[in-house]
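Please keep the sequence and the structure in view while reading.

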Amino acid sequence: MISTQLLSLLTIYSTVCVCNAYTPPSLPSKSPLTQPKISTNSRRAFINHATSIATGTITTSALFLPRLSNAASSSPLSLGSPAPSFTLPNSKGQQVTLDSLSSSGKWTVLYFFPGAFTSGCTLEARKFQEDVDKYHALNSQIVGVSVDSVDKNSAFCREEKLDFFMLTDEGGSISKAYGSSLSIPGFGTFSNRQTYIIDPQQNVRWVFVDVESHIPRHSAEVLEKLKELQAV
């Protein structure tokens with residue numbers, strides 16, 4: 001069974017390797033081991049290979065996935081605690097604050113994701129978009145957060161025709177404040193795939209931490225939890 005954190009790490013690592021044309025380092029020339037053969041141009045090949053590593057099929061994981069064992073993740077916020085304030089640019093080029101989001105009296109579904117245009121993040125956004133009218137009916141709004149640039153998030157929203165915007169958390173400071181960050185030595189800090197439900201009074205009412213393993217049904221789960229929280 002692959003842990004949620006490891007699934008997030010694999011998502012991030014594949015994004016770096018494929019989208020940014022990163023080539024995994026070769027083994028030292030004196031090493032008696034053989035570098036695992038994998039096409040760095042194939043995302044599918046990478047995921048298949050990385051999954052076999054994660055499940056213990058291949059024992060050279062520390063060599064192929066350098067420093068992932070040193071990745072540091074932050075802890076999610078406690079239920080009922082005040083949501084950390086922020087000011088971040090959105091995919092429309094506007095500055096957004098927690099105060100501006102809550103000023104309308106709406107509930108906020110603040111979801112953190114590793115990277116735009118990756119398969120998991122695209123599926124997650126599409127599922128939220130499919131249910132966007134249901135969220136509106138529950139007096140709630142969807143807001144995505146990642147460390148991607150404003151331009152990249154903007155292009156992602158346009159291509160997927162999203163009726164909600166993304167926030168750019170450059171450097172990952174807000175992701176860290178929300179306990180939704182993964183810091184990987186040599187690669188930087190990324191937003192972990194987690195979702196927060198924040199009430200109109202800016203309190204954290206629920207945190208979904210195990211999202212990576214069941215992305216297709218995540219939006220439905222968020223809607224059910226929203227109904228439950230609002231019924232109290």
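## Salt bridges

Glu 221 has a relative accessibility of 25% and therefore counts as partly exposed. Its salt-bridge partner is Arg 217, and the closest N and O atoms of this pair are 3.1 Å apart. The model discussed here is a predicted one, and a search of the whole structure finds ten salt bridges in it.

Another of these pairs is formed by the side chains of Glu 124 and Arg 193, with an N to O distance of 2.8 Å. This pair links distant parts of the chain, since Glu 124 belongs to helix 5 whereas Arg 193 lies in the loop between strand 8 and strand 9, 69 residues apart. Both Glu 124 and Arg 193 are buried, and salt bridges with shared partners join these two residues and Glu 212 into one network. Helix 5 also carries Arg 126, whose partner Glu 160 lies in helix 7, so that this pair ties together parts 34 residues apart in sequence; the N to O distance here is 2.7 Å.

## Nonpolar cores

The largest nonpolar core has 24 residues, and those with the most contacts inside it are Tyr 111, Phe 128, Tyr 135, Met 166, Val 222 and Leu 226. At least two residues of this core come from each of strand 4, helix 5, helix 6, helix 7 and helix 9, and helix 9 gives the most, with four residues.

When neighbours within four places in sequence are left aside, the contacts of Met 166 include Pro 89, Tyr 111, Phe 113, Ala 125, Phe 156 and Cys 157.

## Cysteines

The structure holds zero disulfides. Cys 121 counts as buried because its relative accessibility is 1%, and Cys 157, with a relative accessible area of 9%, is buried as well.

## A hairpin of two strands

Strand 7 (residues 181–184) and strand 8 (residues 188–191) run antiparallel and are joined by four bridges. In one of the pairings, Ser 181 has Ser 191 of strand 8 as its bridge partner. Three residues lie between the strands of this hairpin, where Gly 186 takes a positive phi near 95°.

Note on methods. Residues are numbered from 1 along each chain as its sequence is written. This is a predicted model: local features need pLDDT of at least 70, side-chain atom pairs count only at pLDDT 80 or more; totals for chains, interfaces and linings use all residues. Side-chain values use heavy atoms; hydrogens and water are left out. A nonpolar core is a set of buried Ala, Val, Leu, Ile, Met, Phe, Trp, Tyr and Cys residues joined through side-chain atoms within 4.5 Å. Buried means under 20% relative accessible area, exposed over 50%, partly exposed in between (1.4 Å probe, protein chains only). Contact means heavy atoms within 4.5 Å. A disulfide is a pair of cysteine sulfur atoms within 2.5 Å. Two strands pair if DSSP finds at least two bridges between them. A salt bridge is a side-chain nitrogen of Lys or Arg within 4 Å of a carboxyl oxygen of Asp or Glu.
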